[in-house]
Amino acid sequence: MRCILCNMPLVLSHHGICSQCVKNLPKFNKICYQCSLPHSLSTKICYRCRDKQPYWDEMVAVTEYMAPLKKLIQHLKFYRKTELTNALARLMFLAWYQRRLSSGLVKPDIVTCVPLHHFRYWSRGFNQAALLARPIARWLNCDFQPYLLSRKSVAHDQKYLSRKQRITNVETLFSCRDDLTNQSIMLIDDIVTTGNTINAISQQLKQCGANYIQVVCLCRTIL
């Protein structure tokens, strides 16, 4: 087994990406712990989250949406390279674990994921967020609930919409009917762009009683 980035032999084949390539991934500079966007304040939370606080509590991202992870995500989603799943999930887990060591991020009670509409699930054959979430839940020894959330209707593709249109597009898109009283939730997605989708989901989870929501993603788009 060889590293999927540099093609060098792996000592531990199930890792998928060698330790040197992990070290060489693009790094964030100082970021807000809540939205994972750059900020210059001395506090952990940026002025954006202070001014308009999102419904989720903390976000962990591996890197920006750029090479080399951008290409790997595209291969996973659009070319059905599901063999990349464990390697990418491991990067997310390592980023989460580093945050846990540095700031005491809590271990969640439930791991879930951003749902796909059934039409897109049917055409793609899988939900990439669920594929990433499953091994993370196993490594954390947490309850994995991929169907905790349901998607009500087909929405317009977010990448073709303006910021205002994206907010409107997802406001009533998701629902959750479970009792999540005093539960800590880890919400998994592959890419977070504006944050409108995960904010709408987090609002639903908080309305169902969740007391803490941490978002873990591979890439955070810097707008």
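Predicted model: local features only at pLDDT ≥ 70, side-chain atom pairs only at ≥ 80, totals over all residues.

User: Okay, is Tyr-33 buried, exposed or partly exposed?
Analyst: Tyr-33 counts as partly exposed, because its relative accessibility is 22%, and buried means under 20%.

User: Which residues does Tyr-33 touch, not counting residues up to four places away in sequence?
Analyst: Tyr-33 touches Lys-44, Glu-58, Met-59, Arg-99, Ser-102 and Ser-103.

User: And how far is Tyr-33 from Gln-203?
Analyst: Their C-alpha atoms are separated by 18 Å, and the two residues are 170 apart along the chain.

User: What is Cys-49 in contact with, leaving aside its neighbours within four places?
Analyst: Its contacts are Cys-32, Gln-34, Cys-35 and Pro-54.

User: Let's switch to helices. How do H3 and H4 pack?
Analyst: H3 is residues 69–78 and H4 is residues 85–103; they pack at an angle of about 135°, with their axes 11 Å apart. That angle makes H3 oblique to H4. H3 passes H4 in a left-handed crossing.

User: Which residues make that contact?
Analyst: From H3 you have Leu-69, Leu-72 and Leu-76, and from H4 there are Thr-85, Leu-88 and Leu-91. Sorted by class, that gives five nonpolar residues, one polar and no charged ones.

User: Why do they come up every three or four places in a helix?
Analyst: Here's the general idea: an α-helix has 3.6 residues a turn, so residues three or four places apart point the same way.

User: Got it. Now H4 and H6, what angle do they pack at?
Analyst: About 55°, and the axes of H4 and H6 are 9 Å apart. That makes H4 oblique to H6. H4 passes H6 in a right-handed crossing.

User: Which residues meet there?
Analyst: On the H4 side they are Thr-85, Asn-86, Leu-88, Ala-89, Arg-90, Met-92, Phe-93 and Trp-96. On the H6 side they are Leu-131, Leu-132, Pro-135, Ile-136, Trp-139 and Leu-140. The contact of H4 with H6 divides into 11 nonpolar residues, two polar and one charged.

User: Which residues of H4 are buried?
Analyst: Thr-85, Ala-87, Leu-88, Ala-89, Arg-90, Leu-91, Met-92, Ala-95, Trp-96 and Arg-99. Those buried residues pack against helix H1, strand S1, H3, helix H6, strand S6 and strand S7.

User: What span should H4 have, and what does it have?
Analyst: H4 has 19 residues, so at 1.5 Å a residue it should span 27 Å. The C-alpha atoms at its ends are 27 Å apart, which agrees.

User: What follows H4?
Analyst: Gly-104 does, and its phi is positive, near 75°. Leu-105 lies in the loop between H4 and strand S2.

User: Is Leu-105 buried or exposed?
Analyst: Leu-105 counts as buried, because its relative accessibility is 2%. Leaving aside neighbours within four places in sequence, Leu-105 is in contact with Glu-58, Val-60, Trp-96, Arg-99, Arg-100, Tyr-212 and Gln-214. Leu-105 and Val-60 are 45 residues apart in sequence and 10.0 Å apart in space, C-alpha to C-alpha.

User: Last topic, the backbone. Which residues other than glycine have a positive phi?
Analyst: Arg-80 is one of them, with phi near 60°, and Asn-182 also has a positive phi, of about 60°. Arg-80 lies in the loop between H3 and H4, while Asn-182 is in the loop between strand S5 and S6.

User: Are Arg-80 and Asn-182 buried or exposed?
Analyst: Arg-80 counts as exposed because its relative accessibility is 51%, and Asn-182 is exposed with a relative accessible area of 56%.

User: And which peptide bond is cis?
Analyst: The one from Ala-67 to Pro-68 is cis, with omega near 5°. Pro-68 lies in the loop between S1 and H3.

Terms used
Residues numbered from 1 in each chain as written. Heavy atoms only, no water. Axes fitted to C-alpha atoms, helices over the stretch in contact; angles between N-to-C directions. Helix = DSSP H or I, 4+ residues; strand = E, 2+ residues; numbered from the N terminus. Parallel < 35°, antiparallel > 145°, perpendicular 65-115°, else oblique. Left-handed = near helix turned anticlockwise from the far one by under 90°. Contact = heavy atoms within 4.5 Å. Nonpolar A, V, L, I, M, F, W, Y, C, P; charged D, E, K, R; others polar. Expected span 1.5 Å × (residues − 1). Buried < 20%, exposed > 50% of the residue type's maximum accessible area, 1.4 Å probe, protein only.
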